[in-house]
Amino acid sequence: MDMHDLWFGAFLSPEAEGRERLLRHVTLADRLGLDLVGVQDHPYQAGFLDTWTLLSVIAARTERIRLVPDVVNLPLRPPAVLARAAASLDLLSGGRVELGLGAGAFWDAIAAMGGRRLSPGESIEALAEAVTVLRALWTPGEPVVFEGNHHRLDGAAPGPFPAHPIGIWIGAIKRRMLELTGRMGDGWLPSSFYSPPDAVARQTKVLDAAAEDAGRDPAGIRRIYNVGGTFSPLPGRGFLDGPAALWAEQLTELVFEVGMTGFVLAPGEDAERDLRTFAEEVAPAVREAVTKERGEAEPIPERPIPERPITERPIPERPITERPVTLTPLDDLDEAGRPHAPRQDPAALTPEQVRLGRHLVQVHDGYRQELRQVQDAVEQVAAGHAGTGALRSAINRLSVRQNHWTLGTFCATFNRLLTVHHTIEDESMFPAVLERDSTLAPVVKKLEQEHEVIAELLDRLDAACVALLADPAAIEQVRAEVDRLVRVLSSHFAYEEEELVEPIARLGIRV
């Protein structure tokens, strides 16, 4: 999957009275190595500088930082003129312009400036037409004819052409705008002031589904999050409230949970201090954590291929806690009905084959360890021994990919990673096994069926975690779902290792 570089930026208020301070902050952001400067666009606000005029001055005052109207008020910026303005600034700045677009808000103020008052549906339709107009005028070719309900071109000549492909990033919160972004946008620009992390997680699902329905790869859509918070020595209760390390922890989580690829900070009263902390402490820490995660995992000590079911050998750490669980047909794996393949002699395997087979066990051991840690976190919450701060401290010691600051996101990350693991098995490993040894077909079919059972269990755990946000008593449901998952995964991993470790080794399949 393509992964965008991480970008960090400053979201600055274009107040006319504070223009000198604003320009100092812009120059500082450029020197600090921040990637973006975002400027809000409210043409009806009499106390604000005009955004395009300001961005032009910023371009002249800086050397490398990208310039983003965050976001353009489209009802007061005709898209054909906007296309020429954005392309011109991109050429003059050496290819440093991206374009944030909004459908419009504050309709009384827009109407007071002579803009059309649109309904929500009309404003979204007008935005979609504007995207078409912008791209048409940035593409060399014949004069453009376009007849929309809100915008039209009657033989407009394309040009000037940007120095680089300008990204169209759409500010979207509600479903129809998110769907439009998934269909047409190069990027998405949510703000934590309106869309806190839990809302962003829900919005991401809508965005991704719309992109997939349009035949697009959701990963190709850049996601830039406008954020604000408080730097303080001790963790507070809210999002981005605490020391730089906590900020880095929470922003890293957003990279992996919802695919964020950039963060633009609206600094507080001490803007210079906030920008320095963000650029010099938070951004490097997030980049380091993401680079480490996307790189190769640390080598795992070698261990022999099991010659018997994994449940018959000790696991070299505290075993997964198994409490009595009332099973339902949903999570009953029908262990007695599992098919078994003919056994081969593992002594005939070469060292390289042994290593290939052992890797499946190592992968599963990682999930066993992570599931133990999910259990530990749940037990702390259920016992009432961990408030928000204490739970964060406990979770900081856990090893599931990245640190997490809530139990819900902790469980959600485990669910996501396990789902990816099973998808890789279904789409890559299992077909490779069958291609080389068709006698394993009954085993593979059974494992695929068990993946479906586990997927339903993961959905149930996710729903329980969502319920926990509204009702602390739902921790008992979370605990019950984790118990079910423990039982099923323990059995499933053991069966898969018993049946496939030797064939994977013998057939030379890379997991």
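Predicted model: local features only at pLDDT ≥ 70, side-chain atom pairs only at ≥ 80, totals over all residues.
Residues are numbered from 1 along each chain as its sequence is written, and side-chain values use heavy atoms, with hydrogens and water left out.

Keep the whole chain selected. Of its 511 residues, 51% are buried (under 20% relative accessible area, with exposed over 50% and partly exposed in between, for a 1.4 Å probe and protein chains only). Colour by secondary structure to find 14 helices and 13 strands; these are DSSP runs numbered from the N terminus, helices being H or I with at least four residues and strands E with at least two. Among contacts (heavy atoms within 4.5 Å) between residues at least 6 apart in sequence, 75% join residues at least 24 apart.

Next, select helix 6 (residues 175-184) and helix 7 (residues 197-213), whose axes come within 7 Å and cross at roughly 45°. Axes are lines fitted to C-alpha atoms, for helices over the stretch in contact, and angles run from 0 to 180 degrees between N-to-C directions. The angle makes helix 6 oblique to helix 7; angles under 35 degrees count as roughly parallel, over 145 as roughly antiparallel, 65 to 115 as roughly perpendicular and the rest as oblique. Show the side chains of R175, L178, E179, T181, G182 and R183 in helix 6, and of Q203, V206, L207, A210 and A211 in helix 7, to see the contact. Its residues are five nonpolar, three polar and three charged (Ala, Val, Leu, Ile, Met, Phe, Trp, Tyr, Cys and Pro count as nonpolar, Asp, Glu, Lys and Arg as charged, and the others, Gly among them, as polar).

Move on to helix 8 (residues 244-258) and helix 9 (residues 271-294), with axes that come within 9 Å and cross at roughly 45°. Helix 8 is therefore oblique to helix 9. Residues to pick out in this contact include W247, L251 and F256 of helix 8 and F278, V282 and R294 of helix 9. The contact has 12 nonpolar, two polar and three charged residues.

Finish at E476, in helix 14 (residues 475-507). E476 counts as partly exposed because its relative accessibility is 42%.
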